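Have the model open while you read.

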Protein chains: 2
Amino acid sequence: MHTITIRRPDDFHVHFRTGEMMRMVVPLTAAWCGRALVMPNTIPPILTATDAIAYSDEIKRAAGDNDFKPLMTIKIVPTTTPTTVENAKKVGVIAGKVYPVGVTTNSDDGVHNFHDSGMIDVFSAMREAGMVLCLHGETPGDFCLDREEKFLDTLRWLAETFPGLKIVLEHITTAAGIEAVEQLPDAVAGTITVHHLLLTLNDVIGDKLSPHHFCKPVAKRPEDRGKIRAAAMNGSNKFFLGTDSAPHDITTKECASGCAGVFTAPVALPLLAGFFQQHERHQFFEFFTSIVGAQFYGLPFNTKTITLEENPWVVPPNYSAEGQTVVPFWSGKELRWRVA
Amino acid sequence: MHTITIRRPDDFHVHFRTGEMMRMVVPLTAAWCGRALVMPNTIPPILTATDAIAYSDEIKRAAGDNDFKPLMTIKIVPTTTPTTVENAKKVGVIAGKVYPVGVTTNSDDGVHNFHDSGMIDVFSAMREAGMVLCLHGETPGDFCLDREEKFLDTLRWLAETFPGLKIVLEHITTAAGIEAVEQLPDAVAGTITVHHLLLTLNDVIGDKLSPHHFCKPVAKRPEDRGKIRAAAMNGSNKFFLGTDSAPHDITTKECASGCAGVFTAPVALPLLAGFFQQHERHQFFEFFTSIVGAQFYGLPFNTKTITLEENPWVVPPNYSAEGQTVVPFWSGKELRWRVA
């Protein structure tokens, strides 16, 4: 049987939620990741060192005896202070996540104004502490397809105003976003999701309406996807995996007002294996999933490995726990690769 | 109480479906329209004079004693012949509808190739018979937001190849579509829906995912809507009302693979009244809804009138008949105008 063995990946963008949902989804990421950067937009949010410690402990319990380490973030909100940042860094929080207000799920407490003096103090404190700034890079309120490109001025302003601050433009969906990151200094990098490697807007609204392909930022044009694919598979040291795997109960997706988010945790690695194979770039598979992100964050590479085998399986229609049902990306379709 | 009285409108694009669904939705259009052009993409489709007569009779029964007349269409498919066209015209069918194959609901039997010799014979026969050619103007397979603009070459080719053939570009969603119709001879006109006067793509995917705002062609950019609004409200004699009101059962909208179509029949006229008032173009309200379309189709104007009163009401969450539940456009929102 054909197999591929790589250094264990890291997922530098994942949503674990809380409670039963968390206990259901954490093992699906822990099954293939050495580490995962856990987003703080839970209800209630992860705002402080104390919150992050408690949340990390819960995640570790949910992961069981897997060899898995959650990497913690705090949510940067208008009330965040330099002291919040310093205290969080001391307990091992490695990144602060900024959501422009209202831009996606659980972002109503997000940042209105990046140029506000309080925010400037926080960004300075993050640079001093060596905490990475993770950005949901969209300007809310603009036309949906323009939001990422319009955010790039803010990205460039941040990179120029806080040289040395490590910044990640998350879940890039546009050619303009890729180009902006390429042109900025090494302290600025980008994450790429599995679904944005595969989808365009046609897969959301081009035929039937597909709530399980709907996310923020929404998938864009084929030309955008082409640029994202090239950034992921050509061995760039500025782009790395962040799946943005985001579980939502089926009743909040298949409804009159559907939530944004694609749940890729159970299928991400098999889909990536297939993607790099299909594009004959298998030499950069491990680089994208397991090397570039660790390098950027200044973390040691994972030493354990993971093996995929060419052994087709059909993605289940859903994953369920008590009162929660989540439809995974690619549900009902066949995948060629599986984690051995 | 503030009231508006206009000549009874015509809706030059409506989906009535069949069976229970038809019996539920016909009265909601008949309540405010003198006439409505009924789309033939039912299951099974309306392909011939015989089909159209039977369907028209059913619709009249569903309308009850309303002073309402269905205007019949046939679906132009690859097996349509000049004789089909001639026979249909003889029994009063006034238009033939072309769907490019696979472009929207029930269009799998649509037209592959407009330049095919069989199609050319059919278009010639339509011109001879004085039958209007109604077009779903999108090229399937292209990127979803480009499909209408890419279709415009076909529209221009049809107008040039069959001068005098009356052609309607239906449910226009782009500035380019409006401009193409404006620039072509008088035999080419366009219909505009109520929902495309009000929505942009932001209302479909910009915040939550909104299946009840999802239609084909999908709503586009604010600049496109601006051009559509101007075409509707500035007294042009090339653009008239065609709501494309399209009922779908709620289970086929709020699901993993949602159908395209917006059900505006119960709210179209109140929304239009508000739209023309808000833009201070009330002098063109009747012109758009009740004059331009009749003129283009060569029909007498409706003699009866309809009165709207400024008397707010909340749009119901749904309309139901045996085993069918349809969520209307604007459900749960307040409307300022109502049919008296």
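**Notes on rings, symmetry and a sheet**

1. Over all chains, the structure holds 32 aromatic pairs (rings of Phe, Tyr and Trp, its six-membered ring, with centres within 6.5 Å; planes under 30 degrees apart are stacked, over 60 edge-to-face, the rest tilted). Take A:Phe329 and A:Trp330: their ring centres are 5.3 Å apart and the planes stand at 50°, so this pair is tilted. A:Phe329 is buried at 1% relative accessibility, while A:Trp330, at 21%, is partly exposed (buried is under 20% relative accessible area, exposed over 50%, partly exposed in between, with a 1.4 Å probe and protein chains only).

2. A word on the ground rules. This is a predicted model, where local features need pLDDT of at least 70 and side-chain atom pairs count only at pLDDT 80 or more, while totals for chains, interfaces and linings use all residues. Residues are numbered from 1 along each chain as its sequence is written, chains are lettered from A and ligands numbered from 1 in the order in which they are written, and side-chain values use heavy atoms, leaving out hydrogens and water.

3. A:Trp330 has another neighbour to look at: the charged end of A:Lys333 sits over its ring, 4.0 Å from the centre (NZ of Lys or CZ of Arg within 6 Å of the ring centre and within 35 degrees of the ring normal). In chain B, the charged end of B:Lys166 sits over the ring of B:Phe296, at 5.4 Å from the centre.

4. How do the two chains relate? A rotation of 180° with 0.0 Å of shift along its axis puts chain A on chain B, with an RMSD of 0.0 Å (least squares on C-alpha atoms of residues with pLDDT of at least 70 in both copies). That is the relation of a two-fold axis. Look for A:Glu254, which comes closest to the rotation axis among the residues of chain A, its C-alpha being 2.5 Å away.

5. Now the sheet in chain A: three strands, open, in the order E1-E10-E13, with antiparallel pairing (strands pair if DSSP finds at least two bridges between them; strands are DSSP runs of E, at least two residues, and helices runs of H or I, at least four, numbered from the N terminus). Strand E1 (3-7) and strand E13 (334-339) of chain A are at the edges with a single partner strand each, so one side of each has no neighbour in the sheet. Five bridges join E1(A) to strand E10 (residues 305-314) of chain A, and A:Thr3 has A:Glu309 as its bridge partner in E10(A).
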